[in-house]
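Subject: Structure handover

Hi,

Here is the structure we spoke about. Please open it alongside this note; my findings follow.

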Amino acid sequence: MADAKPRHPHRAHGREVALLALCHLESYRPEERARALELFWAHVPAETGDGGQELRGWLADPKVVEFARRLLTVSSERAAEIDGAIEATSRSWRLARMDRVDRNVLRLVGAESLGLSETPRAVIVSEAVRLAARYGSERSAPFVNGVAQALAGKLRGDSRDES
């Protein structure tokens, strides 16, 4: 059922908001990122192709914003651990050489795997692939799929597949 609506659209939209924020923050030096995040919340980026209309709708939903903030908090507080795990998992690609979208989608996989234990691993991976396909290059989805599967398993402490 390709037309099925997500069970938790606020989470799906929150992941997208968090991805856009992470990509935005990469343009700033570490000491400027707190202020840059304030600017992100105050001024909707228009990069989404619709002048920011869809994103403004998501940001009007407190559940979307709360979920995005949770992901961004874990991503920030555990950045070194997440980045280290990504590098260890993706042996052929250093983090700095990855596409910006791919790198930040994988950071969200790390954040959700470490900080939001209620999300099933299969959902984390599926959502990562969806984000990579929407915002990344034509090679992003397959790359993210392979790394996200292993990364989520490593960070959750299991290697079995979840359904």
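Five helices each supply at least two residues of the lining of the largest pocket: α1 (9-25), α2 (33-42), α4 (62-77), α5 (79-89) and α6 (100-115). Keep in mind that this is a predicted model. The largest share comes from α4, with five residues. The pocket holds about 450 Å³ of space. Its lining counts 18 residues, and the closest to the centre are Leu22, Leu25, Arg33, Ser75 and Ser76. By type, the lining divides into nine nonpolar, four polar and five charged residues.

Two single residues next.

Leu151 is found in helix α8, residues 140-156. Is Leu151 buried or exposed? Leu151 is buried, because its relative accessibility is 0% and the cut-off for buried is under 20%. Which residues does Leu151 touch, not counting those up to four places away in sequence? They are Ala85, Ile86, Thr89, Leu106, Val109 and Gly110. Look also at Ser113: it sits 38 residues from Leu151 along the chain, yet their C-alpha atoms are separated by 8.5 Å.

Ser90 lies in the loop between α5 and α6. Leaving aside neighbours within four places in sequence, Ser90 is in contact with Met98, Phe143 and Val147.

Over to you.

Best wishes

Methods:
Residues are numbered from 1 along each chain as its sequence is written. This is a predicted model: local features need pLDDT of at least 70, side-chain atom pairs count only at pLDDT 80 or more; totals for chains, interfaces and linings use all residues. Side-chain values use heavy atoms; hydrogens and water are left out. On a 1 Å grid over the protein atoms alone, a cavity is a set of points where a 1.4 Å probe fits but cannot get out, and a pocket is an open set with protein on both sides within 12 Å along at least five of seven lines; lining residues have an atom within 4 Å of a point. Grid points are joined across faces, edges and corners, and a volume is the space filled by probe spheres set on the points. Helices (H or I, at least four residues) and strands (E, at least two) are DSSP runs, numbered from the N terminus. Ala, Val, Leu, Ile, Met, Phe, Trp, Tyr, Cys and Pro count as nonpolar, Asp, Glu, Lys and Arg as charged, and the others, Gly among them, as polar. Buried means under 20% relative accessible area, exposed over 50%, partly exposed in between (1.4 Å probe, protein chains only). Contact means heavy atoms within 4.5 Å.
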